[in-house]
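Work through the exercises below with the sequence and the model side by side. Try each task before reading its solution.

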Amino acid sequence: MKPLPVLVLCLLLLMQCGKKESGDATPTPAPTSPKTPPSTTLRQAAPFPMGAAVNINLLKTRAAYSSVVKTEYNSVTAENAMKFGALHPSEAVYTWTDADYLVEFAQQHNARVHGHTLIWYKSLPNWVTNYPGNTAAWENLMKTHIQTVVAHFKGKVAAWDVVNEAFEDDGQLRNSIWRQKLGVDYIARAFEYAHQADPAALLFYNDYGHEYNLTKRTAILDLVNNLKSRGIPIHGIGLQMHTSSNIANANLANAIQTAAQTGLTVHLAELDIAMNRDGVATATFTPALAAAQKDKYKAVVQAFKALPAAQRYGITTWNVGDADTWVRGYCSCPDWPLPFDENYQRKPAYDGMVEALH
Ligand code: G3I
């Protein structure tokens, strides 16, 4: 598409073009791939849903943020608004306002909503961590939470991360409050309860580390294969992909491929690529880092795109712009892990994604 106008330009400006070819004294930048035309967006370019985790407060208050979310993405996940503590702050109280706002936003802009997350060991309200009930009461607590939430969003939320991060890094099942109170098979029952509440929703197991921790990955894949073999309603596997520039492309591709070998649909559920893993307080985002990040984003998207179409649930980045990332708070350091910068301008990482999608 592009060569024709350039050729015409060269013919019209023969002298100038000839000068460049014969070696102008003016230094020219190293060749880079063309920037994505402004008219192209991720949701247009991708043959599968492209998503972002959304901070509802930013969605409500920052015009540039909501503009990028609605133009670039056709899938959204609440970064925090559908977690246990946010939706169910005390036993008899459910607070739907923020989550409903996101669902309505998604409906207005033809985006899918991915539900995150029903059962996790974090972001629990005090009434749960201090809950005094016996095993039956705990079972009822889990079942009631899952079924109330899934029923509230029935027909509006396409899929749920039913259980999140159930494994430790050593591959052992995490000794979460759910496991302590309900035994190791709480995971299977959580899926069954969710399925009863919305039989049409896709149900995911979501975790991190597939691309750098073989022991944990094996444990996760064993779990989901076990659930499948028992007829437990599990449909998808979420690879969080909070990753970094030092993870080899082969490891990223391997993680994605082995997840697909389960036969489940695959979600790159929380993608971001940290560029300051050592937490250097004075680090800056150099052009070299931007280029390296672009290559890594491209490699991740290429590996995902290589999956069978029926198993490509989609790719979700964990928030939108670098100012909004959880990574900065986590490391208390500068970092730039997302495809948009602090001003919601596209970074080279964005171009890398689009190049892989085409
Ligand atoms: O809502 C309160 C607010 O009222 C209070 O003023 C403020 C003071 O710190 O805290 C606010 O809550 C914080 C919340 O983010 C909203 O900003 C919590 O303290 C903070 O712990 C919470 O962090 C979130 C974290 O999960 C824990 O839920 C991050 O934003 C979110 O990015 C992160 O996301 C997780 C995924 O769910 C699972 N995978 C890993 C990923 C990154 O840690």
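The model is predicted; local features are used only at pLDDT of at least 70 and side-chain atom pairs only at pLDDT 80 or more, while totals for chains, interfaces and linings use all residues. Residues are numbered from 1 along each chain as its sequence is written.

**Exercise 1. Helix α7**

Task: Compare the length of α7 with the expected value, and find which residues of α7 are buried.

Solution. 
Step 1. Helices (H or I, at least four residues) and strands (E, at least two) are DSSP runs, numbered from the N terminus. The expected span of a helix is 1.5 Å times one less than its number of residues. α7 has 12 residues, and the distance from its first C-alpha to its last is 16 Å, close to the 16 Å expected.
Step 2. A residue counts as buried if 20 or more other C-beta atoms lie within 10 Å of its own, as exposed if 12 or fewer do, and as partly exposed in between, with C-beta atoms placed from the backbone. The buried residues in α7 are Asp-98, Ala-99, Leu-102, Val-103 and Ala-106.
Step 3. These buried residues fall within an arc of 140 degrees seen down the axis of α7, so they line one face of the helix. The arc is that of the directions from the helix axis to the C-beta atoms.
Step 4. The face turned away from the buried side of α7 carries exposed Thr-97, Glu-104, Gln-107 and Gln-108.
Step 5. Contact means that the C-beta atoms of two residues, placed from the backbone, lie within 7 Å. The cover over the buried residues of α7 includes β1 (50-54), α4 (56-61), β2 (75-78), α6 (84-87) and β3.

**Exercise 2. Helix α13**

Task: Which residues of α13 are buried, and what covers them?

Solution. 
Step 1. Leu-252, Ala-255, Ile-256 and Ala-259 are buried in α13.
Step 2. They cover an arc of only 90 degrees around the axis, and therefore sit on the same side of α13.
Step 3. Their cover includes α12 (214-229), β6 (236-239), β7 (242-244), β8 (265-274) and α14.
Step 4. As a length check, the 12 residues of α13 (residues 249-260) should span 16 Å, and the end C-alpha atoms are 17 Å apart, which agrees.

**Exercise 3. Backbone exceptions**

Task: Describe the backbone at Asn-110, at Ser-332 and between His-116 and Thr-117.

Solution. 
Step 1. Asn-110 is not a glycine, yet its phi is positive, about 55 degrees. Asn-110 is in the loop between α7 (97-108) and β3, and counts as exposed with 9 C-beta neighbours inside 10 Å.
Step 2. Ser-332, also not a glycine, has a positive phi of about 50 degrees. Ser-332 lies in the loop between α15 (326-331) and α16 (348-357), and counts as exposed with 8 C-beta neighbours inside 10 Å.
Step 3. His-116 and Thr-117 are joined by a cis peptide bond with omega of about -5 degrees. Thr-117 is in strand β3 (residues 112-119).

**Exercise 4. The ligand shell**

Task: Which residues surround the ligand, and how do they divide by class?

Solution. 
Step 1. The surrounding residues are Glu-79, Asn-80, Lys-83, Lys-122, Ser-123, Asn-164, Gln-240, Glu-270 and Trp-326.
Step 2. Ala, Val, Leu, Ile, Met, Phe, Trp, Tyr, Cys and Pro count as nonpolar, Asp, Glu, Lys and Arg as charged, and the others, Gly among them, as polar. The shell has one nonpolar, four polar and four charged residues.

Key:
Near = placed C-beta within 6 Å.
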